Every structure is written in C-alpha cells, then in structure tokens.
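Here is a short tour of one protein model, from the overall picture down to a single residue. Have the sequence and the 3D view at hand as you read.

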Amino acid sequence: MMKFRFRRQGADPQREKLKQELFAFHKTVEHGFPNQPSALAFDPELRIMALGTRSGAVKIYGAPGVEFTGLHRDTATVTQMHFLPGQGRLLTLLDDSSLHLWEIVHHNGCAHLEEALSFQPPSRLGFDGVSAPSSLSRVTVVLLVAAGNTAALGTEGGSIFFLDVTMLTLLEGQTLSPDEVLRSVPDDYRCGKALGPVESLQGHPRDPAKILIGYSRGLLVIWNRAAQCVDHVFLGNQQLESLCWGRDGSTIVSSHSDGSYAVWSLDTSSSLTPQPTMATTPYGPFPCKAINKILWRNCESGSHFIIFSGGMPRASYGDRHCVSVLRAETLVTLDFTSRIIDFFTVHSTRPEDSFDDPQALAVLLEEELVVLDLQAPGWPAVPAPYLAPLHSSAITCSAHVANVPAKLWARIVSAGEQQSPQPASGASNWPITGGRNLAQEPSQRGLLLTGHEDGTVRFWDASGVALRPLYKLSTAGLFQTECEHADSLAQAAEDDWPPFRKVGCFDPYSDDPRLGVQKVALCKYTAQMVVAGTAGQVLVLELSDVPAEKAVSVASMDLLQDREGFTWKGHERLSPRTGPLPWPAGFQPRVLVQCLPPAAVTAVTLQAEWSLVAFGTSHGFGLFDYQRKAPVLARCTLHPNDSLAMEGPLSRVKSLKKSLRQSFRRIRKSRVSGKKRVANANSKLQEANAQLAEQACPHDVETTPVQRRIEPRSADDSLSGVVRCLCFADTFLRDAAHHGPTMWAGTNSGSVFAYALEVPAATSGGEKRPERAVEAVLGKEVQLMHRAPVVAIAVLDGRGRPLPEPYEASRDLAQAPDMQGGHAVLIASEEQFKVFTLPKVSAKTKFKLTAHEGCRVRKVALATFASVACEDYAETCLACLTNLGDVHVFSVPGLRPQVHYSCIRKEDISGIASCVFTRHGQGFYLISPSEFERFSLSARNITEPLCSLDIAWPRDGSQASQRLQESPKLSQANGTPSIMLAPQSHDGSPNPAHCKGADTPEPPEATLSPMSIDSATSADTTLDTTGDVTVEDVKDFLGSSEESERNLRNLAEDEARAHAILIK
C-alpha cells in the first residue's frame, strides 16, 4: 500500500503573479573582448564594425551602446566578413565554405541581428554536366561587386564563381576558370605550372565591371565582367599574399611571401605588364617573413600611406606581431603582443573625393582591438570606449559596487583621465560611431572591479551596455619584484632598427605571481579600499585627487599564534619598498598588513565607519585597526592534521602520505556506502512510488520532497581551516538589551566565530573615532553539523532585512535598521541556508539545498527585486548559484524557494567560480578569459542593448519568402544558447514548521539597500584560491553516470512544468 504525506494546497495565484512581476531571467549582454576573433569588417557608410570568432559568433559594434550579436548554427570559424555598404547586411564565410547573409532588422523601434539566408556550396562545383575537381569546393576569398548585389568567390582550384547575394544562389554561365585566364598569358609564362589558388579579389575603384584577380603563383589579371574578357595581365613571379588598388585605379600594390611588396602601373597602351615599376623589401636584405596584407592610401598633402602586416626579418624578429606604417620618410613598426587577425583604415569612400585621407587605423588582434589616430602627430592610440581587453592581465577576482555616489564617480573618472595620454580628445576621435543608442541614461552608476594577476585593480563603468574602462590601480610599485633588472637590461639592448613601438595593453606575463589580487572591497562613501593578494598582503588605500610622495606604514600579523609543529613550505612574502614613494592621483596606499604565513587571502571585508579591516587565509583570520595602524585580533583556524595548508598555492611540494591517506579513506567510505545501498535495496522502489504518487496527486497539491542523505565531512580534511567569509554587523550578541559592533567569520569546516567589538564611538559630527584601542572578545562559536564550508554570513534586523552598509543609515541614504531586538543571523553553507536568532543563536528557519536539489552552494548574495507593476514595491531575496550552474532565489528571512533558472553549464567550472551578483538582481560571470556574460534575475532591472540603425534597402516579398525560419536568438557568443524560461515555482516545498506565513506577501521594501553578504561592496569572487574551484567542483564535473541521468531527468521535468518557453 502506498502512503502519501500531503502538504498544503497549491501555490497562491496572487503570489505566483507577484513572482512574475519580480523575477525574470535574461542573459542580456556580453562585456569585454570577444574570445578568439577570426575576422573583421567595416562599413564606411554606416560607420559600424563587425567581428567574427572561431566559435561562429558575429558581433557588430557602432557608437557606445550600439551592439548586435548573432551566432551561426554550426560551430565553425568565421574566416571572412563583408558588409553590403549602407544596407545593414553582412555576408560571412565560414571555414566549411558556407556563406551566410545577416540582416539588421527593426522590430518595435529597436534593431537586432538576424540570419536571413545561407548557402552551402556543393562538394563539386561543376557546370554544363562536367564534374569539377573537389578542390574547388573550398572558397578562399570573397568580393562584393556591383553595389553588393553580386559576390565573386575565389576558390582553391583557381576558379571564380559568381553568386547572387540577394538570394544566395550561383549565377550559371559566368564562371571564370583558370584555363580561360591562361589563354591571355604568354606561352613562356605558362611553363606547365598551375596558377594556384585565388589569393585576392579587388574591385576596380572607378569601374565596377572590372575585377583585379591575384593568383598564388603571382599572376595578376584584370577581368572585365561586362565584356567577359581579360583586360590586362601583370606577370608577377613571386608568391602572392595580398593586393590593393590605388585611389584613381592606375596603381596596384601587391605583397608577397618573401617580405617584399611591388607597385604596378596600369598602362592603357598595352594589355601586358611584365614587371612592376617598383619592388622593395622594407626590412631586407636578409630573408623576411611574408607581408600578409597591404594597404595603399593617398593623401591630399601629397605623400601616401603604405600600411602592411608582417614582413619582419625572419631570423631576428620572426616571432614579432607587427604592422608597419610608412608615410614619406616616416616609418613606425607597431609591435603588438598578440597575433594580428586583420586591419582596416577609416577613410573617405565618396566617389567625388580624389583622395583617401585616412583618419584612423584599426587593428584587430587575437587579444585586443587597437585604433590609431592617423591625423594626430605621432599617430597615437585612441582609447576604446568598449571592447577593452578585460584579460590584459589574467582576471583573478571581481566585485560589483552599486549606487556609486556622483562625487566619488567624478573623482575616479578624473584619476583615470590623468592616466590616459589624451583624455580630452580620445572619445571624440573614436571612428566607429554608427547607430543610435536608445537606452535611457542609467538611473544609478555601477562599478565593476576586477583584480588581476599582475597586482592591478581595474575600475569599469558597468552602468550600461558598453563596459568602459575608468581607472587602473597598480599595487606592484609598492613591492620589490624579481624581474625589474632583467626588464631594464632587455630594454637597453633593444636596437633602433626596426623602429619598434609598443602598442596595446595586453600583457599576459606577470612580473611576480605573488602580486596577484585575490580580494577587493570598496567603501563608496569614504573612498577607502582594501586590496588583498596572493602572498598574504592586505593593502588599505584611500582616494586622493592630487599626486603625493609618502612612505607606507607596514605591519605584520602572525595568524599561527606561535602554534608548534607547523612549517610554511610555500612562497616568501613580498618585500615592500622603503622610504617615501611617489603615488599618482587616485587610490594611494595608507597601510600594508602582511599576514604570516604569507598564504593567499581568501576573504576580506572593510568597515570604514569603525576604521577596521578583517581578512582571512587558509590559516586563520585577523582584525586590524587601520586608523591606529595596530592589530586587534588574530585567530588560528588550523586543524592539527591540516598540513596541506602549510604548502601554499604556489608550492609544488605535496604530501604523498596525505594524498594516499585520503585515497584510502575515500575507498573505505565508498565500500561502506555500497553496503548501505545493498541493505536498502527497496530505496529505488520507494522513489518509484513517490513518482507515482506525484502523478496520482491532484496538480494543486504538493508532496514532501525526497531528501538525500548527506554524509558529514571529516574534521581533519585538508584545508579545513580556510576562512571563507567575514562580516561586520551592529547587532545583539552579548544580550538582548544591548547591541554593538560585532565581527563574524566562517571557515571551510563549518565553524562560525562571532566576536563582540569594543569600538570607541565617534564624537558628534565627527567622522573619525577617538584614538583608543579597539578590543575584541569571542562571543559565540557555532559548529555546523555536517561541517559544510560556510559560504556567507549576514545579519538581519528585527524586520528580517539585511543591515545597511556603513554610513548608509547615518547619512539618510537607506532606511534605518530596526534595532529594537529580534535580530537574526543568516548562515549560508555549501549544503543549506539557516537562520539563527540572536543573541541566543538558536535555529529558526532552514532550507537544505543539497538534500532537496542534490547540488552545492557556490555563490550567495542578498539582492533587491523591484516590481515591474508597482514602482514602490520591492522584496529582499537571497540569490544563490550552485555547482550545477543553476540560480535559485529564496525569500528572506523565510527561506522559501521562489524561482530557479539554469544559468551556467555545470562543466564551466571557471564560469561558476567567477560569478558575482549585484545588489539589484543582476550578475556577471566569465564565459571566456576576456568576456563577462551579464544576466538579470529581476523583471525590472535589465541592462540590454536598445539601439537603432539608419538603413535603407529594398526588400520585397519574394526575398522574404526565401528567408530562413527565424531561429532562437543565441545571445551568448561562446556557443551556449540563452533560453529564457518564464519564472517557475520551486517544486520542492520546505517543511511547514519552518515556512509559516510565507504565502503572505512581504511588506514593501522600496527603500531597502541590501548588500552582499560576502563583503561591504558586493559578492566578490576569486578564481584561483582554494575556497572557490575546489576538488568538489571537479568531482561534480566528473560525476557518476547515475547522477548525470538523474540531472537530465530533473531538467526534463522542470522544462515540462514551465508555464512557457520564451526564446531570448
């Protein structure tokens, strides 16, 4: 007989409607530089630029905020892209020789990118019943001719086919075979050799009926499409790489594989030109690499530009990535740090103009985009308002700061402008200005902070679609690094020829890995900041508007507390420079705290109102008073068996005995669990009965979910002492009548330490507190039952709302917290969320996420979700990202599940580890080393491209009938589609004892300012510390087949229960 335990009646319809007004999942925009770019195009009429990638993504950019994204159905490399000028249409060629036509279309006033047509050439391109060699199926070059209505396709076999672009169909009878070209070539030039593949096709600048064809062997031919004959032949003998016309059509420039280029003059009196008028090897006479592409641009002033890539001396500089710019006697060799993909010039293309007069040079590299102003003296680089390489040094952590005050924003922008070589003219000289941004000006300013491997922290304007760089803070100048002398010697030995000039900011090499930034926190009201690094350095900084020269105070804190039996085997600490040091305007160091042992900092938080900073490592945590520059507290969290924590992240010395012991322990546990499974042979029958019960129950009745059994973790597991989170709060800890400053710390072993702090109160009207010592006394210590790592801690006031940030309440920037008592602390571990009352620390509410969902918590933050139906209504909820890549939202303090969405692939371990939530229901995570994906959980707070483009081109019904069926918008360019599901209720209901009154809507909280419960800024993230990418992450990825099948089954059930599926 089957037994059921029925729960309350189905969800309240009013609550379900309210959920739809509060929550909605969107993947909105991708910030940063596209990963692995492979093609480039520019429309000089619309002033827009297109980038293609190896994953098949297509991205079009115009003015800041104008952005379009598309994704080919097949994951293939985009090899070439060509705009149909002025039409908002783009033709792409993939490495499988397929052609795709994209269109920018307008719907409801906003434009977006759609794939209209595609063309896959047959495996054998033959006509008139004659089979052609299979090599013809590979297209090597594409040229748009006749105002973009026809495309010429050059192939590997040397043939040229013509394509109707409007329908993407081949035009029969117009194919040009290499045999037909050879008839116009002198007999002595043929010599039985094939012409080779078509390397270049260039349209005549004055006569659209003529096409310049360049074959790999070196032969150049002008083909007249109207007369179907060869007009002129240029007998080149050097292997060809690229071609370019002069503006007037009387000059041709060719570049070759031996590092030379040649200038050919078009003699109308003869149809044959045997030799070029000029040929030179710019970096000869020694063997040089090929010049892959060359451009010739004339100027009204008389001298012309010659711009080419490659051509460097093979022996000396064959490994350099260079673009050379030559004008008259001036030669500059632009030296880049990554491979050159393509480049173009922004110049006049109007037929009535006689000169090109190039304004700018845009160079697409594998890791960045560089634009040079060719009209300014010295050809300086133009700062990019978007497409900045986030990974100029590898990203190690990130944090988001919302609602930045206007004064602080202006000071940060001013400091960044002083770092830029030309702050005033940079934005006005940006040449890619097409389209109009229709998005409203953001109501609040958001800062995205990224910490990097080279010790820098970069500030980004994350308020809108374009992620704009504002300011860069470097901490390396405070320390003595190992590579300084080697760098100075290398620069001194650099020759004057070629005239290299370093361009670009991508620098993947770090002087010292110990400089890497692990955690950052910023107080937006006092402009104070803390930066913590890999070698245990904790740096407190303060924003200054003027440069200064001052010495930095240094303090050390021993977190081991003289504990015996532990020897640090990792890296040494960084040596600070002594004496006064010059500091530019911006954030300037105030005090340096060095943790001992110098392990990577795993958690940090700043309390500017009390002038305190707390930090934790794998050995313990410390509290430091940076006003008095004195330590307050140091606590060791190491377990006696935790020897792995003494080896450090940069140490290669690992304990073989320890790893063997752990391996045998895992084997022993698996055998025990296997016996338990045999003993409980009827468990699968019970699960089947539960599923049958769910199907047999009425749809409006919920059943109690099956909970998984959670094995407690061993107390002596490796790295159990790692401090995962820290928190300051003004709450009730000693008794229920008196509240005061407290500090909370959570560790990897499920331990929570709460300290009562004695902080001298500031005088009335004064910002600084008296110069008396701060005291800390241990008030509470909590040990979670299963020893799951504590991910986050937050204190809730008497109304169940998170406490405001420092200075928010005192400056009337947020609603004052309820300090009449009834406070609670929310502790989020990897397995469950639990609310404890204060000061008794007794359990009040909990939700066992691992037991219900079979996943573990990775990131947690408190966020405000505003209603789209009522401007004055908002709720504070708990957003959680799991190791399976799902995002769950829970009510606070009831911990009732609201919605959950699939956000990140569970195989994307680094993406999950890099996720950071904002205070208003958005988030960021890395989809590649250089790109952040932005997503929104809020139905109201969405940041997405809203733009239009002024285009005019004929489009009739016959074309529309041939369009491809509109495909789902795949907004994530790395190949992961963004499927937007309607908000759905969590199918597991918690115990009614812990969810009393959850059906009643919570009171309006429009004035709330919830904060992240990891730090005072937002949920920060670290990519390379022990607390984030853990062994459990890898185990999740390599999970058993049973677990994979179960996850797929759960996913299928979730999709079946969704109210609707909307394709975003």
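## The whole chain

Let's begin with burial: this is a predicted model, and buried residues account for 56% of the 1064 residues in the protein.

As for secondary structure, you will find 13 helices and 69 strands. Among contacts between residues at least 6 apart in sequence, 63% join residues at least 24 apart.

## An open antiparallel sheet

Now turn to a sheet of four strands, which is open and runs in the order β55-β56-β57-β58 with antiparallel pairing. Its edge strands are β55 (790–796) and β58 (843–847), each of which pairs on one side only. On average, neighbouring strands of this sheet are turned by 15° against each other, direction ignored.

Take a look at how β55 meets strand β56 (residues 824–829): the two pair in the antiparallel sense over six bridges. Within this part of the model, Ala794 stands opposite Leu826 in β56.

## A closer look at Thr882

Our last stop is Thr882, which belongs to strand β60 (residues 874–882). Is Thr882 buried or exposed? Its relative accessible area is 0%, and the cut-off for buried is under 20%, so Thr882 counts as buried.

Which residues does Thr882 touch, not counting those up to four places away in sequence? They are Leu849, Cys855, Arg856, Val857, Arg858, His888 and Ile912.

Definitions and conventions: Residues numbered from 1 in each chain as written. Predicted model: local features only at pLDDT ≥ 70, side-chain atom pairs only at ≥ 80, totals over all residues. Heavy atoms only, no water. Buried < 20%, exposed > 50% of the residue type's maximum accessible area, 1.4 Å probe, protein only. Contact = heavy atoms within 4.5 Å. Pairing = 2+ DSSP bridges. Axes fitted to C-alpha atoms, helices over the stretch in contact; angles between N-to-C directions.
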